[in-house]
Amino acid sequence: MSSIKEYLSQDHTRCDELFAKMEDSANKSLDNAKESYEEFAKATERHFQMEERVMFLEFEAKTGMTEGPTAMMRHEHAQMRGLIKQMGEAIEAQNKDKFFGLSETLMILMQQHNMKEEQMLYTMAQQHLSAEAPRVVDMMEAMIVE
Amino acid sequence: MQFNGLSLEQAPPISAPLRFYLTAPLFAILAGVLLLLSDASVLQSRYSIDSIVITHAITIGFMSFVMLGSLTQMLPVLAGVKMYRVELITKTSHLALVFGTLFMIMGLKFEMPLLNTLAIILFASGFFAMIIVILMAIKKVKNFTPTVTGMSVSLIFALFSVLMGVFLLFSYIDADAEIYRNIVANTHSVWAIFGFAGVLIVGVTFQVLPMFYVAPKFKDFYQKRVILFISLSLVLWMITSLFYEAYSVVAKLWLVLFFASFAAIFLQKIKNRKRKVSDITLLYYKTSSIFLAFGSLFWIVDEYYFSEHIVVTSIFIGGFILSIMIGMLYKIVPFLIWFHLNGMGYMSIPTMNEMIDKKWALIQFALFVASLMGFVLSYYIDAYLSLFALAFIISMVILQYNIITAVLIYKRVKKTKPDFDMSAFA
């Protein structure tokens, strides 16, 4: 049985690895990067939704904090979605410089976002939702991306 | 509760770190100019006024400025806490430290006790305000990671280094204090460099390297213990060098062992990173660990040559710290600008890579490394010192230019307000 913190932190690592793989293939040629870009974008979107549609809701319901950390995390998700979309456009336009400029920006944004989640939000979520943790993890696991 | 770091309006204003980052290269330029004007033979002694003045233009003017600016910025992200009255404290401390450094340089160089007295007051107030406010914020942290431990330990060493530094400056005003000068200077310099700067760098690297380059994490045991070991060896080094001089080499070996191990592990982690991209920051990181390895080696060898090579050791160790800091500036400045502009809702803003010209960053790097190697060479053959000083000055002017270009992009975008996109808030 894994905790909310472990489950989502491991998913961060998985997304990081897909990110590295995508950059690696983009470095060779942007044409080849399409597939790994899709893979990364899909995994990241799934992660965002697991939080936004499952964990954040449970957290907000339990603590009553809707304007607190989860609102900030949603805002950062929007920033990251914007960058990921622009990266897809850069691949279409075959603009390598633009792609790597965006991926660099995304990387740092993503990392400082993950750090805040792993060190603060997930820890808090695990504390507040410890009794429901297995159920929350199951729901995230079973979620279908919209 | 620890929500502070999670809300944008409580993140420090961009001016707080940028103020420090924009001033740092200016002091490095000043150090270069002072070097150009100095007599090479005077610089052979670490205790000459010229050596002290140049060293402090770099250590206080550049290094501590970058560290204080970064602590301000990193505190909410890495520790989840914010500083009390961050704008007021950073603004006033920055001003105090700028004038403190300038007064000290002039006070020592032209033997003006009044300026030295003013410098003491400004340093004490500027440094203590920053250190204490940051430590107070850290006290609120519940989840102590090795990085947060590194930050607090580093600040405690900073506190003592400043106290000793203030005493040392006082010894140039009151002749009675002079007899203690060299012995205090010894601990002051080692604690400031390895304790304040070294520990902070080690602590932050634990978190930053695996993150930004998807590199393997440092081993838990290493992360948890190395800062403790470094601190113990620094204290042991002070005690032995004060009372049991003959044994101080043991403490030194310990200290060097931990830093050399860090350099080696750092290089190995970089090599095994999953993100294969290479950029100017990575180039600086690699260089910094090579400088650190050489610095450690020279410091030990120096033990058997009656401190003949201490200046060379200092150049290498200085190169280690400067490299890691400049490398970080190339990443953090563009990111902060992007982050703050994006946070205001602007979407079509330059990406991080478009803010600083890669070519200029590379030229800056090449000149920097060449000048440091030149300084090492100049210690033995001093004919070309001014040439290398000039290279160093140019490199720092370019660094300043590179940071300013990025900041100007921030100003320009803010002024022209391109396509304000509300979808970021959807």
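Axes here are lines fitted to C-alpha atoms, for helices over the stretch in contact, and angles run from 0 to 180 degrees between N-to-C directions. Everything below comes from a predicted model, where local features need pLDDT of at least 70, side-chain atom pairs count only at pLDDT 80 or more, and totals for chains, interfaces and linings use all residues. Residues are numbered from 1 along each chain as its sequence is written, while chains are lettered from A and ligands numbered from 1 in the order in which they are written.

**View 1. Helices α1 and α3 of chain B, side by side.** Two packed helices are described by the angle between their axes and the distance between the axes. Here, the axes of α1(B) (residues 15-37) and α3(B) (residues 86-109) come within 9 Å and cross at roughly 10°. That makes α1(B) roughly parallel to α3(B) (angles under 35 degrees count as roughly parallel, over 145 as roughly antiparallel, 65 to 115 as roughly perpendicular and the rest as oblique). Look for B:Ala16, B:Phe20 and B:Phe27, which are among the α1(B) residues that meet α3(B). On the α3(B) side, the residues include B:Val86, B:His94 and B:Thr101. Contact means that the C-beta atoms of two residues, placed from the backbone, lie within 7 Å. Sorted by class, this contact has 5 nonpolar, 4 polar and 2 charged residues (Ala, Val, Leu, Ile, Met, Phe, Trp, Tyr, Cys and Pro count as nonpolar, Asp, Glu, Lys and Arg as charged, and the others, Gly among them, as polar).

**View 2. Where domain 1 of chain B touches domain 2 of chain B.** Domain 1 covers 1-143 and domain 2 covers 295-418; such bounds come from an automatic or database domain assignment. Their centres, taken over C-alpha atoms, are 17 Å apart. Domain 1 of chain B brings 23 residues to the contact and domain 2 of chain B brings 25. On the domain 1 side, α1 and α2 of chain B each supply at least two residues, and α1(B) has the largest share, with 12 residues. That side divides into 18 nonpolar, 4 polar and 1 charged.

**View 3. Chain B meets chain A.** Each chain puts something in: 30 residues from chain B and 30 residues from chain A. On the chain B side, the elements giving two or more residues are α2 (49-79), α6 (181-213) and α10 (310-343). Of these, α10(B) gives the most, with 4 residues. By class, the chain B side has 17 nonpolar, 9 polar and 4 charged residues.

**View 4. B:Ile265 in helix α8 of chain B.** This helix takes in residues 248-271. B:Ile265 has 18 other C-beta atoms within 10 Å, so B:Ile265 is partly exposed (20 or more would be buried, 12 or fewer exposed, and partly exposed is in between, with C-beta atoms placed from the backbone).

View 5. Helices (H or I, at least four residues) and strands (E, at least two) are DSSP runs, numbered from the N terminus. Buried residues make up 50% of the 426 residues in chain B and 42% of the 146 residues in chain A.
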